Amino acid sequence: MTGTTSPGWYLRRLSRMGPREIGGRVGDTVRRRRWRAAPPDRPRVTGARFTAVLPPAALAAVPGDAAKLLVAEADRLMAGHGRFFGVDRDDLADPDWWYDPKTGRRAPDGYAFDVPYRSEGAVGDIKQIWEPSRHQYLTVLAAAHAVTGDDRYAERVAGHLRSWWAANPPLRGVHWISGIELGIRLLSWVWIRRLLDGWPGAAGLFEENPVALDQIWHHQRWLAAFPSRGSSANNHIVAEAAGQFAAACAFGWFPSSARWRADALRSLDRRLRSNTFGSGLNRELATEYHGLVLELGLAALAEADAAGVPVPASLRLVLLRMTDALAAVVDGRLRPPRQGDADDGHGLVVDGAGTDRWASLLATGDAVFGRLDWWPEVTPADVRTPLLAALIGPAAPAAARPARRPAHFADAGLTILRGPDGIWCRCDGGPHGFLSIAAHAHADALSVEVRHDGVDVLADPGTFCYHGQPEWRTYFRSTLGHNTLELDGGDQSVSGGPFLWTRHARSRVLTADTSGADAARWSAEHDGYRGSVHRRRVELTAATRELRVTDEVRGPRRAARLAFHLGPAVSAELAGHRARLTWTRDGEDRSAVLDLPGELEWRAHRGETGPPLGWYSAGFGRKEAATTLVGTGFTDGAREFTTVLAFHG
């Protein structure tokens with residue numbers, strides 16, 4: 001058994017549930033057993049029409065360079081080439097929907113809920129199997145048809161959808177297990193139908209096709225029956241509700257469509273609010289999921305406005321706050337923090353490779369809500385923004401917005417310190433993730449992340465993987481895997497599995513002074529190590545371009561390891577307790593000196609595997625060697641460890 005399917009894991013997981021969640025999951029189990037019989041026939045549909053089309057001017061507003069990127073990506077896909085989580089594929093002309101090219105395994109057939117999808121040995125890498133079947137590469141092909149009128153793209157989309165529908169009948173196999181997959185797939189189908197509207201075969205592929213109608217109905221029936229519950233009601237339930245709502249608006253052809261639409265809208269509004277701090281940051285404290293949830297929310301809003309379905313003002317307000325929060329936290333190159341888990345998940349994809357996700361979201365926010373004076377400058381350069389803006393009505397929520405760029409988000413415990421020449425520092429003093437399992441949290445309390453003109457200098461190493469490689473999953477979310485202090489060789493929070501934390505470190509911010517022109521200061525502490533309190537102070541001085549980090553441990557003498565992870569572009573020469581850092585940005589040489597605490601013994605690590613240390617993951621499924629500086633020693637009473645990072649030219 002893997003660590004996620006052992007009896008011990010089930011007991012630990014059960015311990016994080018409340019009575020209501022347990023009752024709901026018992027009901028789900030009973031329902032799954034009942035559904036093992038042949039799926040019911042969908043109700044008869046007559047006179048179905050698709051009316052949620054793009055306004056005539058929408059495609060004309062797509063920037064020319066964005067269209068070129070899109071078509072280039074579509075042509076690679078037409079040639080059968082694609083890339084998912086670091087794995088290149090050349091079989092996309094005629095894909096095997098159950099095949100994992102990374103392990104060479106093929107998922108077994110059978111009743112969906114019998115498939116052991118958490119076992120890489122039995123199924124393969126489930127993310128590699130699921131990702132193409134979100135059909136977001138098909139939305140790219142459909143978008144290429146929309147901007148070029150070339151029917152080759154539409155015909156390829158039609159062929160792949162028919163192939164997928166034939167290979168994945170309702171409740172058979174690996175693609176009927178996870179609600180987030182069904183929800184995102186439905187959203188993709190809505191946009192495929194919309195983008196193919198000018199193709200003569202569009203109606204025959206969807207509303208006049210009994211197989212398509214079966215699939216759409218059964219997807220919505222599944223989502224209505226098995227919502228993510230309780231401690232799992234994170235970004236997954238937002239995706240489920242957004243997909244269900246989008247399909248019930250655009251494909252509202254069934255007797256249950258009105259009920260599904262109303263229920264999904266209630267769930268979406270509630271879950272967007274519960275998943276988002278009042279400041280606008282996502283409660284999972286995992287930046288990529290902030291992006292995913294914002295994309296899903298904007299896509300759902302577009303469907304509502306296209307269908308004339310009123311939405312609560314609170315839904316628009318959450319999306320507005322999320323957009324303002326994103327604008328507030330990005331660095332000078334529009335890169336947000338690399339905090340928590342990241343799996344490269346997107347809500348809606350209609351752009352070519354290389355399109356800046358965060359610039360796209362901010363451009364959409366500008367088009368829908370209007371930018372504030374303090375927002376960073378963003379030039380619209382994507383396909384998605386004009387399409388969403390053409391569907392979303394102009395009614396922005398009547399709400400007070402920040403008059404100045406926020407730097408401290410008290411509810412999320414996130415603080416951004418900014419200095420001259422693009423110095424950017426994120427300080428983490430927030431909660432350990434969201435809900436009782438904190439599924440996408442890392443043991444990173446009091447960690448810092450530092451950039452210079454967008455280059456990772458002190459980096460958050462990222463995520464790399466979820467399933468199948470437990471030693472790497474453990475490393476990338478460990479305390480040692482972040483720029484913070486580890487005591488006695490253990491994490492600040494206690495892990496019970498790859499997506500489960502059974503004890504959460506509690507952090508609190510003591511100081512967050514970002515108002516001064518000369519210096520910005522932050523301090524916080526956490527109680528993750530029982531019997532001791534780790535307190536950290538950070539000061540960024542503008543005149544000297546110095547960042548000073550002071551760590552103090554209150555409590556008994558303990559073994560300590562202090563880690564600083566350098567970005568992959570940074571080279572380090574370590575001599576004693578001083579490291580000279582160098583890198584290049586836009587052809588110019590840059591440098592800094594990192595003076596490390598002399599009370600610790602320092603070593604540089606790079607690309608080590610036994611155990612992992614010295615790695616950076618730029619995206620899910622990808623990792624590269626990078627330098628990590630680790631100081632080892634002991635805490636003694638009131639001893640402080642002071643680190644100074646001084647930037648030069």
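**Sheet and helix packing**

Helix α14, residues 313-329, lies across β3, β4 and β5, and runs at about 40 degrees to β4. Keep in mind that this is a predicted model.

Now the sheet under discussion. It is open, has 5 strands, and its order is β3-β4-β5-β6-β7 with antiparallel pairing. Which strands are at the edges? They are β3, at 408-409, and β7, at 455-458, and each of them pairs on one side only. As a reminder, strands of a sheet pair through backbone hydrogen bonds, either parallel or antiparallel.

Take one pair in detail. Strand β4 covers residues 414-418 and strand β5 covers residues 423-428; the two run antiparallel and are joined by 5 bridges. If you want a specific position to look at, I416 has R426 in β5 as its bridge partner.

Next, the helix pair. Helix α10 spans residues 210-225 and helix α11 spans residues 235-250. Their axes come within 10 Å and cross at roughly 140 degrees. An angle over 145 would count as roughly antiparallel, so α10 is oblique to α11. The crossing of α10 and α11 is left-handed.

What makes the contact? From α10 there are Q220, L223 and A224, and from α11 there are E240, Q244, A247 and A248. By class, the contact residues of α10 and α11 come out as 4 nonpolar, 2 polar and 1 charged.

Notes:
Residues numbered from 1 in each chain as written. Predicted model: local features only at pLDDT ≥ 70, side-chain atom pairs only at ≥ 80, totals over all residues. Heavy atoms only, no water. Pairing = 2+ DSSP bridges. Helix = DSSP H or I, 4+ residues; strand = E, 2+ residues; numbered from the N terminus. Contact = heavy atoms within 4.5 Å. Axes fitted to C-alpha atoms, helices over the stretch in contact; angles between N-to-C directions. Parallel < 35°, antiparallel > 145°, perpendicular 65-115°, else oblique. Left-handed = near helix turned anticlockwise from the far one by under 90°. Nonpolar A, V, L, I, M, F, W, Y, C, P; charged D, E, K, R; others polar.
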